[in-house]
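Here is a quick tour for anyone meeting this structure for the first time. Have a look at it, then read on.

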Amino acid sequence: MSQEKIEGWVCFGKGKPLEWTEQPRKHFDDDTVELDITHCGICASDLFTMDSGWGETDYPCVTGHEITGVVKKVGKNVKHVTVGDRVGVGAQSGACLQCKFCKNHEENICQGGAVYTYNSRWPNGDKALGGYANKWSGHQHFVFKLPENLSSEIACTFFCAGVTTYAPLKHHGVTKGSKVGVIGIGKEKFQLITQWAKAMGAEVVALSHSDRKREDAKKLGCDDYIALNEDSKFKEYNGKLTHILCTSFAEDFPWGKYLGLLEPNGKFLMVAIPHGMLHNIPPGLLVAKQTSIIGSAIGSPDDIREMLDFAAKTNVRPWIQKYPMKKAPEAVQAMRDGKARYRYVLCNQDD
């Protein structure tokens with residue numbers, strides 16, 4: 001039997017234009033869910049992958065890992081979703097489900113064979129293909145039914161930007177009384193971090209290299225704003241923050257200024273990957289205040305289910321701008337140009 005195809009925006013190499021064309025679809029098995037894609041968010045990771053920014057990409061590649069759609073076919077082992085359900089898929093599409101981390105419901109750090117939604121391969125060698133396309137196929141364990149009060153165009157953004165920010169806040173104790181600093185106001189994740197933290201009862205302080213986005217931060221609900229040149233504000237908040245969540249690293253990242261804002265036992269949470277190595281971290285400050293610098297990798301299936309329920313109940317909703325799927329190259333270029341305010345969503349159909 002010939003292998004089925006998807007149609008999507010294919011990147012054939014760094015610097016090459018996206019092309020709408022066919023690619024071989026994952027072979028169907030008893031654990032497969034196939035869906036018609038309705039929406040897909042554009043993530044900075046998509047651009048890094050197109051550009052081989054995190055190592056050489058396995059071209060040709062179809063990016064996109066904030067996917068919502070409608071189930072069209074399921075394997076015989078699939079019981080939690082059925083044909084016609086609205087569902088979502090995030091940055092991970094498979095795992096070994098046998099290692100100690102998978103068995104501990106930490107599939108996002110699977111050590112036995114994680115499969116990511118693009119630039120990855122299934123155990124049989126098939127390519128994993130992302131959401132800039134008309135269809136998606138993957139393992140049932142990473143397919144999630146959407147709450148009725150979450151539209152597909154909004155829900156897609158939760159499957160990367162959402163869980164990547166929700167999970168570290170949840171796992172590292174953000175609650176009523178916490179004071180959370182957020183670095184990276186222009187980044188798409190910022191708006192969700194702010195809303196998650198506020199819904200958890202925390203105060204939120206925006207940390208920015210300039211004063212440009214002060215009004216946006218206020219509209220998003222931030223309690224205060226500190227620009228990098230505001231030495232008096234840094235002095236005011238010295239040792240006052242319980243957490244800092246970092247979504248962006250500048251070329252000369254001012255570690256000392258930001259870490260100084262944390263109280264003893266404070267946590268600096270990384271949900272962004274810098275272009276190079278981390279430099280100029282003051283070790284004395286880490287030791288004297290028992291400060292932790294912690295990485296966080298997307299989120300587990302349990303985190304995703306909890307996040308979707310939390311968003312549905314607390315009315316956390318991102319700002320989005322929609323583009324038709326046929327204009328994906330235009331949207332990608334606008335993203336490269338820094339025009340996104342804040343999440344671009346590609347639409348095969350509107351809700």
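You'll find Gln-290 in the loop between α9 (283–289) and β17. Keep in mind that this is a predicted model. Although Gln-290 is not a glycine, its phi is positive, about 50°. Most residues other than glycine have a negative phi.

Asn-119 is another non-glycine residue with a positive phi, near 55°. It sits in the loop between β7 (115–116) and β8 (120–121). With a relative accessible area of 32%, Asn-119 counts as partly exposed, because that label covers values between 20% and 50%. Then there's the peptide bond from Tyr-59 to Pro-60, which is cis, with omega near -10°. Pro-60 belongs to the loop between α1 (44–50) and β4.

## A six-stranded parallel sheet

What is the strand order of the open sheet of six strands? Reading across, it goes β14-β13-β12-β15-β16-β17, and the pairing is parallel. At the edges are β14 (224–227) and β17 (292–295), each pairing on one side only. From one strand to the next, the twist averages 20°.

Zoom in on one pair: β16 (residues 262–270) runs parallel to β17, and four bridges link them. Met-270 has Gly-295 of β17 as its bridge partner.

## Antiparallel pairs

Strand β4 (residues 67–74) pairs antiparallel with β5 (residues 86–89) over four bridges, and Gly-69 stands opposite Val-87 in β5.

Strand β5 is also joined to β11 (residues 144–145), by two bridges and again antiparallel. There, Gly-88 has Phe-144 of β11 as its bridge partner.

## One side of a helix

Which residues of helix α11 (residues 328–336) are buried? They are Ala-328, Ala-331, Val-332, Ala-334 and Met-335. As a rule, an α-helix has 3.6 residues a turn, so residues three or four places apart point the same way. Just after α11 comes Gly-338, with a positive phi of about 75°.

## The second largest pocket

The second largest pocket has a volume of about 280 Å³. It is lined by 13 residues, and the closest to its centre are Ala-250, Glu-251, Asp-252, Phe-253 and Met-277. What is the make-up of the lining of this second largest pocket? Seven of its residues are nonpolar, four are polar and two are charged.

How values were computed:
Residues numbered from 1 in each chain as written. Predicted model: local features only at pLDDT ≥ 70, side-chain atom pairs only at ≥ 80, totals over all residues. Heavy atoms only, no water. 1 Å grid on protein atoms, 1.4 Å probe; cavity = no way out; pocket = protein on both sides within 12 Å on 5 of 7 lines; lining within 4 Å. Points joined across faces, edges and corners; volume = space filled by probe spheres on them. Nonpolar A, V, L, I, M, F, W, Y, C, P; charged D, E, K, R; others polar. Pairing = 2+ DSSP bridges. Axes fitted to C-alpha atoms, helices over the stretch in contact; angles between N-to-C directions. Buried < 20%, exposed > 50% of the residue type's maximum accessible area, 1.4 Å probe, protein only.
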